[in-house]
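Hello,

My notes on it follow.

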Amino acid sequence: MTDLPDLSSKVAVITGASRGLGAGVAEAWGARGIQLALCARSSFAAPAGAYAAQVDVASAAAVAEFAQATVERFGRIDLWLNNAGVLEPVGFVHDLGSEAVRQHLAINALGAFHGTQAFVRHLRQREGEGVLLNVSSGAALSGYAGWGPYCMGKAALDRLTECVQLEEAAHGLLAYAVAPGVIDTAMQATIRGCSPEVFPAVAKFHDLKAREAFNSPGYVAHELLRLAYVRRPTGVVQRLEPEA
Ligand SMILES: NC(=O)c1ccc[n+]([C@@H]2O[C@H](COP(=O)([O-])OP(=O)(O)OC[C@H]3O[C@@H](n4cnc5c(N)ncnc54)[C@H](OP(=O)(O)O)[C@@H]3O)[C@@H](O)[C@H]2O)c1
């Protein structure tokens, strides 16, 4: 696809890059010559030339250290993708344990906060713009029974992204919270494995699988770069169109 500028001088961070959407985006961005700093909690095989680290985004200190190590290695960070996320716990609010919800939000909301903070602190230390992409979800925009924590965390992420865009525009930040559509990853397999008792909308996701009606990671990777470097719409909260 040729509708993108040459991005081979860019340095990008991707959290949650060990599998699924993050791994797919890393592969596609790496193929464009973008230099990559990748992390996940587990150890994983990264594309050649990438810097890969084991980082739990729930730890502010670990994310700050990862950002620092990336700058030491590549000199700067141009693009930061907060992609790390979890689905569980799934269940009705009535039945959920608060510790499980706290752990979920420590990743999906606070984890993205840590990445956002590390990136804007870096931006204030150098000249020029930087692009923040926070991976959100349609679940930020409307509720699903059984997804209380997930919807809560993604809605929080959308608002956080709007706030930081207002705060840091003068320091070169361009920030988007992006719902990527449905991608057939381990998270989708977990969704399909839910019983209708805990997730009544599960049939919709079986239907998507039957029709293979997914956005591919390669498509999402490309659309994220178009958003960041070509389209640049004014609204912070964005939703990718289904792949044709
Ligand atoms: N798949 C979809 O249809 C869909 C739709 C809308 C939005 N999303 C969002 O897209 C993102 C990626 O989802 P996915 O479908 O690719 O899920 P996935 O296949 O389960 O991958 C999640 C990634 O996040 C990492 N991760 C989880 N917790 C982490 C933590 N505390 N610290 C660092 N890394 C962590 C995982 O690695 P480790 O387990 O090794 O840490 C893995 O690399 C998520 O934010 C999700 O909410 C997905």
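**Sheet, helix and overall fold**

N82 has N134 in strand 5 as its bridge partner. This is a predicted model: local features need pLDDT of at least 70, side-chain atom pairs count only at pLDDT 80 or more, and totals for chains, interfaces and linings use all residues. Residues are numbered from 1 along each chain as its sequence is written.

Strand 4 (residues 79-82) and strand 5 (residues 130-135) pair in the parallel sense over four bridges; pairing requires at least two DSSP bridges between two strands. Helices (H or I, at least four residues) and strands (E, at least two) are DSSP runs, numbered from the N terminus.

The open sheet has seven strands in the order 3-2-1-4-5-6-7, with parallel pairing. Axes are lines fitted to C-alpha atoms, for helices over the stretch in contact, and angles run from 0 to 180 degrees between N-to-C directions.

Helix 5 (residues 148-168) packs on the sheet and touches strand 5, strand 6 (173-179) and strand 7; contact means C-beta atoms, placed from the backbone, within 7 Å. The direction of helix 5 makes about 165 degrees with that of strand 6.

In total, the protein chain has eight helices and seven strands. Its C-alpha trace spans about 50 × 40 × 35 Å along the principal axes.

Regards

Key:
Two residues are in contact if their C-beta atoms, placed from the backbone, lie within 7 Å.
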